[in-house]
Amino acid sequence: MNEQEFQEKLAVERREIDRIDRELLPLFLERMGCVERVGELKRQAGKPVHNAAREQEIIDRVSRRAGELGGSAAELYRAIMAISRDREHNLMDGDPDLLELERTADRQLKSPAGSVVCQGVRGAYSHKAAERLFPGGDIGFVPEFSGVFARVAEGALGVVPVENSAAGSVTAVYDLILKYRFFIVGAVDIRVEHCLAAAVPGPVKRVISHPQGLAQCSELISARGLETEEYSNTAAAAKAVAERMEPGLAAICSEDAARRYGLNVLERGVQNVRNNTTRFVAVSREAVLPGDAAKISLCFSLPHTTGSLHSVLRRFAGSGLNLTKIESRPIPGRSFEYDFYLDFTGNIHDPETLKLICALKAELPRFSFLGNYSELSTEEEE
């Protein structure tokens, strides 16, 4: 087949596709009209939008009728039904609790009346993040991340790390976020500049730091064959080195922590990645929903049906919302079942975004709206 014959045959088939599309579109619009009438009936009767049994019945039927293309036909109809549910949800009044929260929550993150709590000791990167988020706040410290959430349950504000650009997610914190489901009311990116610091002069044989700090400096540790010891916090590690006064022992910590605890800085910038940042979030019992907030956090689990995660993610794309983080964590006490934590750009005060969140809450198990907040960038720090 020469090029001219190829182009002629291709044009014939494309014209046929165009004809089919012209016939399909009116049928799609007709179906959406039926969907809206069904949605109005459900609204008047107080019935839920999602009917999983009805949807599965349709998918099974079209899959059988499509023969060898059954899988593709099922995927097509899953998409059609997800779009249909969105149309029906737009007719609903929305979740009353979410609507009330959006209407009544404070619009501004205020200086805390009580204490701000973070994990570690003074000089830690968490300390720096807390000072950025709450200038002039009364900042306290606890040894473990769990202690931060316990204090938030009593009314304090907590500041915890959730993600590092080099070492990844802080899974222990995500587990606590999903356990307590407090509101996230702010976030900040803190540049991580580690140094190697010791109390006693001489060659370094062993380093101590938080597991994330050790991971972020793994190249230095490996190249020099250093022994490692995990510690609760980078600044706490610096404090421990100062107290032990052991020859050959050094901490991986910030230069501020090294100076604070009287250590000698042996080397600066020892992390693997130069532009290394850690993202911290502020958690609170009460929601704060600024009018200009740009990031939303949710958590939920999923029904055990084919394509359930894809169906959820497709709805964000269909609404023009950009996902920035998705994290899955095992549900305690359940085998092979997971909660999903998700960040996306958006503002809950936008009516369409609020409708989407209400729709997801109506359909997804273990759903929680975790907050809509602003995020301070690393550049603002400098």
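Predicted model: local features only at pLDDT ≥ 70, side-chain atom pairs only at ≥ 80, totals over all residues.

Reader: Is the crossing of α1 and α3 left-handed or right-handed?

Author: The crossing of α1 and α3 is right-handed.

Reader: Which residues of α1 and α3 meet?

Author: From α1 they are Phe-28, Arg-31, Met-32, Val-35, Glu-36, Val-38, Gly-39, Glu-40, Lys-42 and Arg-43. They meet Ile-80, Met-81, Ile-83, Ser-84, Arg-87, Glu-88 and Leu-91 in α3. Sorted by class, the contact of α1 with α3 has 8 nonpolar, 2 polar and 7 charged residues.

Reader: Lys-42 is in that list. Is Lys-42 buried or exposed?

Author: Lys-42, which lies in helix α1, has a relative accessible area of 18%, so Lys-42 is buried. The cut-off for buried is under 20%.

Reader: What does Lys-42 touch, not counting residues up to four places away in sequence?

Author: On that count Lys-42 touches Lys-47, Pro-48, Val-49, Glu-88 and Met-92.

Reader: Back to α3. How many residues does α3 have, and how far does α3 reach?

Author: There are 22 residues in α3, and the helix reaches 32 Å from its first C-alpha to its last. That is close to the 32 Å expected at 1.5 Å a residue.

Reader: Which residues in α3 are buried?

Author: The buried ones in α3 are Gly-70, Ala-73, Ala-74, Ile-80, Met-81, Ala-82, Ser-84, Arg-85, Glu-88 and His-89.

Reader: And what covers the buried residues of α3?

Author: The cover includes α1, α2 (52–65), α12 and α13.

Reader: How do α3 and α13 pack?

Author: Their angle is about 110°, and the axes of α3 and α13 are 10 Å apart. α3 and α13 are therefore roughly perpendicular to each other.

Reader: What about α13 itself, how many residues?

Author: Helix α13 (residues 351–363) has 13 residues and reaches 19 Å from first C-alpha to last, close to the 18 Å expected. Its buried residues are Thr-353, Leu-354, Leu-356, Ile-357, Cys-358, Ala-359, Leu-360 and Glu-363. These pack against several elements, including α3, α4 (96–104) and β12 (295–301).

Reader: New topic, loops. Where does Val-170 lie?

Author: Val-170 lies in the loop between β4 (168–169) and α7 (171–180). At 8% relative accessibility, Val-170 counts as buried. Leaving aside neighbours within four places in sequence, Val-170 is in contact with Phe-145, Pro-161, Val-162, Glu-163 and Gln-212.

Reader: Where does Glu-144 lie?

Author: Glu-144 is in the loop between β2 (138–142) and α6 (145–153). Its relative accessibility is 47%, so Glu-144 counts as partly exposed. The C-alpha atoms of Glu-144 and Leu-302 are separated by 30 Å.

Notes. Residues numbered from 1 in each chain as written. Heavy atoms only, no water. Left-handed = near helix turned anticlockwise from the far one by under 90°. Helix = DSSP H or I, 4+ residues; strand = E, 2+ residues; numbered from the N terminus. Contact = heavy atoms within 4.5 Å. Nonpolar A, V, L, I, M, F, W, Y, C, P; charged D, E, K, R; others polar. Expected span 1.5 Å × (residues − 1). Buried < 20%, exposed > 50% of the residue type's maximum accessible area, 1.4 Å probe, protein only. Axes fitted to C-alpha atoms, helices over the stretch in contact; angles between N-to-C directions. Parallel < 35°, antiparallel > 145°, perpendicular 65-115°, else oblique.
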